[in-house]
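Have the model open in your viewer and work through the stops below in order. Each one says what to select and what is there.

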Amino acid sequence: MSRSHGSQRSGAGAGGHRAGNLPLELNSFVGRSAELTQLGTALDAERLVTVTGPGGVGKSRLAARAAALVRPRDGVWRVELAALREPELVEYAVVEALGLTDHTSRPPRQVLLEHLAERRLLLVLDGFEHLVDACASLVGELLRRSAGLRVLAVGRRPLSVEGEQLFPLAPLTEREAAELFADRAAAGTPGFTLHDGNRADVREICRRLDGVPLAVELAAGRLRALSPAQLLARLDDRFRLLTGGGRDMLPRHQTLRTAIGWSHELCTPQERLMWSRLSVFAGRFDLESVEYVCGGDGLHPDNILDVLGELLAQSVITREETAAGVRYRMLDTVRAYGADWLEATEDGERLRRRHRDWYMGLATWGELDWFSPRQREVAARVEAELPNLRRALEHCLSEPDGGHLGQYLAGTLWFYWVGCGRLSEGRHWLERSVELDTEHERSRLKALWVLGYVAILQGDTVPAVAALDECRRTAERSGDFTALAYAEHRTGCLALVTDDMPRAETLLRSALDRYHDIGELNSNVLMGQVELAMALAFQGDLPDAVRLCEEVRRVCVDHGERWSLAYALYVLAYAAWTEADLPGARQLLTECLDITHVFHDLLGTVLAVELLALVTVTEGDAAEAAVLQGSASRMWPSVGLPLFGSAYYNAPHEQCEETARERLGDERYEECVRDGARLGRQAAVVRALGHPRQEALGAAPAPRGIPAPPDMREPAASPTREGEEATG
């Protein structure tokens with residue numbers, strides 16, 4: 001019998017059709033223009049490119065579109081492996097996809113090698129993740145022995161073959177997801193369009209579905225029976241809701257549950273256990289938190305890293321570089337699937353307690369390290385962990401015996417609420433925590449003085465007085481001298497911003513003495529000195545104010561503390577301006593603004609911009625000063641009552657405005673203020689830091705000293721919180 005060599009079943013025919021077997025697209029390709037360009041570039045440069053990502057993220061569709069744009073001499077050939085179960089049949093599947101027939105006894109790999117030897121083509125291997133070893137072996141040998149071959153692999157994990165270029169695919173952007181939703185909805189529900197009445201609901205649907213194309217398409221299909229608003233209201237049960245993919249779709253893509261379940265089936269028992277336990281995290285998480293929260297009871301700590309690495313390889317989680325270091329993330333849809341499994345194991349409550357305990361420990365570490373050279377690291381870490389801290393707070397405050405833990409956690413995070421621009425959110429958690437009656441007095445007292453502090457900075461004096469009075473009375477009765485010192489300190493701060501300078505001085509001096517007696521030294525104590533210095537400066541005692549702030553400056557340098565330093569620099573800049581040292585004032589405010597902006601401390605930022613406006617108008621540039629005042633006016637609603645409603649704090653603002661109006665005229669001044677109000681915070685800070693001194697405009701009048709405010713001793717009015725914007 002003569003040997004019959006393999007032959008192509010299809011190829012370039014008389015009509016000039018391109019060789020290959022890529023299926024035609026049945027609906028429009030939406031978005032992904034950047035990814036398409038990047039994948040095309042990768043295919044030009046590398047012989048093996050693997051598109052990875054979680055189920056339903058659109059890997060196959062992107063790969064098919066990118067492959068269709070490639071024009072190798074001998075075509076593009078796609079091998080669909082999802083339905084294949086036996087690893088030994090992979091080579092036969094490739095032979096079949098290439099249209100080869102061979103009746104000899106030769107192994108299929110040899111047939112492939114001979115066929116590919118002189119050809120130039122692109123082979124697309126789609127859905128290989130459950131056959132990874134067999135595919136890796138085949139692809140490795142084919143690439144080594146077939147110079148004209150390129151491979152585009154598509155799966156939920158890498159092949160791990162030498163020379164492989166990974167192309168991890170992220171979900172769609174919110175805009176692209178909304179476009180896809182609208183396109184598929186219009187196809188299934190003629191007449192559907194995005195408009196002002198449904199656009200917000202559609203965007204929220206896409207956000208809740210992580211921008212995963214499969215989920216978005218399944219959701220759009222539900223518009224045959226539901227409005228976008230009704231669909232959004234039912235998304236909590238997304239796995240039951242999002243079914244009914246087209247009959248021509250792969251079985252694993254016909255419902256959201258089967259799409260995610262396909263990945264779950266490919267996991268080992270330990271990987272499935274880890275997947276379920278990771279669902280207790282909100283947002284991103286790091287290795288240390290996983291080791292503590294998820295380890296034990298079936299997951300040995302020594303195996304955590306390996307199991308996590310496998311979930312990463314299978315696209316169950318993704319790896320991200322952040323300001324707080326390497327972190328991992330799980331899509332909400334993937335997390336929800338894991339949460340269902342966690343509840344089935346009846347281990348959910350234990351995992352949630354371990355999660356709570358870890359983040360209480362993180363907050364405690366953050367508070368201690370806030371007074372150290374690691375202050376910026378602390379801010380970045382807590383910012384990165386905010387979703388998990390919120391989840392821990394919610395758990396504490398919703399458990400019958402967890403109220404005192406919620407009070408402790410909300411109070412311990414004072415440095416983040418105050419120092420990193422989260423006043424509004426901090427107040428939310430603090431108010432919720434002190435509403436609970438607990439038998440743990442110390443935790444409640446801390447939450448009370450922190451609540452008072454936050455309310456003061458927002459200019460909301462009535463709740464501040466109530467919280468601080470309760471804290472002081474209880475601390476006196478129980479002999480808690482630490483809480484008493486903090487209550488007295490913050491009451492002095494309240495007197496400062498409500499223009500009662502003699503009382504502010506008395507209370508702040510007393511609080512500083514108490515801190516000294518109990519050996520307390522931290523950022524709060526330094527802020528007490530800065531606040532006392534401000535009270536003295538407002539009363540005309542600049543030398544003593546400068547002495548106090550220079551002392552704070554020295555302590556901050558010794559300990560690497562930056563946040564309190566910024567406020568000391570603010571007071572020193574104020575003193576420099578009153579002494580007509582404009583270059584010195586600008587230099588001090590520049591450093592102050594640099595620090596507060598890094599920490600996202602919106603209060604410190606807006607105070608510095610206000611004072612920079614005064615320095616700028618005194619230097620002679622009234623227009624720029626008005627722009628800075630306008631930019632500050634946009635920031636204040638996100639903090640609270642502008643300049644605390646204080647006549648003392650407002651006096652420099654009024655002097656700046658008066659001078660600028662005199663030089664510019666009312667119309668030009670208002671125009672500049674409007675220009676400034678259009679600046680976002682980042683743009684405003686860049687402008688404030690980059691503005692040079694402009695002598696050419698002429699010198700403004702020399703500082704008039706500290707203006708005397710009217711005789712007002714009533715507390716500033718409490719602002720409405722309606723429409724208040726969360727800071728930071």
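Select Ala-282, Gly-283, Asp-332, Arg-335 and Arg-391: of the 27 residues lining the second largest pocket, these lie nearest its centre. A pocket is an open set of points on a 1 Å grid over the protein atoms alone, with protein on both sides within 12 Å along at least five of seven lines; lining residues have an atom within 4 Å of a point. This is a predicted model: local features need pLDDT of at least 70, side-chain atom pairs pLDDT 80 or more, while totals for chains, interfaces and linings use all residues. Residues are numbered from 1 along each chain as its sequence is written, and side-chain values use heavy atoms, without hydrogens and water.

The volume of this second largest pocket is about 640 Å³, counted as the space filled by probe spheres set on grid points joined across faces, edges and corners. Now colour α15 (332-344), which gives six residues, the largest share of the lining. Helices here are DSSP runs (H or I, at least four residues) and strands likewise (E, at least two), numbered from the N terminus. What classes make up the lining of the second largest pocket? It divides into 14 charged, eight nonpolar and five polar residues. Charged means Asp, Glu, Lys and Arg; nonpolar means Ala, Val, Leu, Ile, Met, Phe, Trp, Tyr, Cys and Pro; the others, Gly among them, are polar.

Next, the cavities. A cavity is a set of grid points where a 1.4 Å probe fits but cannot get out. Seven cavities reach 30 Å³ or more. Select Met-527, Glu-531, Tyr-567, Leu-607 and Tyr-649, which lie nearest its centre among 18 lining residues. The lining of this largest cavity has 17 nonpolar residues, one charged and no polar.

Move to the second largest cavity, about 90 Å³. Its lining includes Met-534, Phe-538, Leu-607 and Tyr-649.

Now show α31 (622-635) and α34 (681-690). They pack at about 150 degrees, axes 10 Å apart; axes are lines fitted to C-alpha atoms over the stretch in contact, and angles run from 0 to 180 degrees between N-to-C directions. α31 and α34 are therefore roughly antiparallel, the term for angles over 145 degrees.

Finish at strands β7 (318-322) and β8 (325-329). Five bridges join this antiparallel pair; pairing takes at least two DSSP bridges. Two residues separate β7 and β8 in a hairpin. Select Thr-318 and find Arg-329 of β8 opposite.

Key
Parallel < 35°, antiparallel > 145°, perpendicular 65-115°, else oblique.
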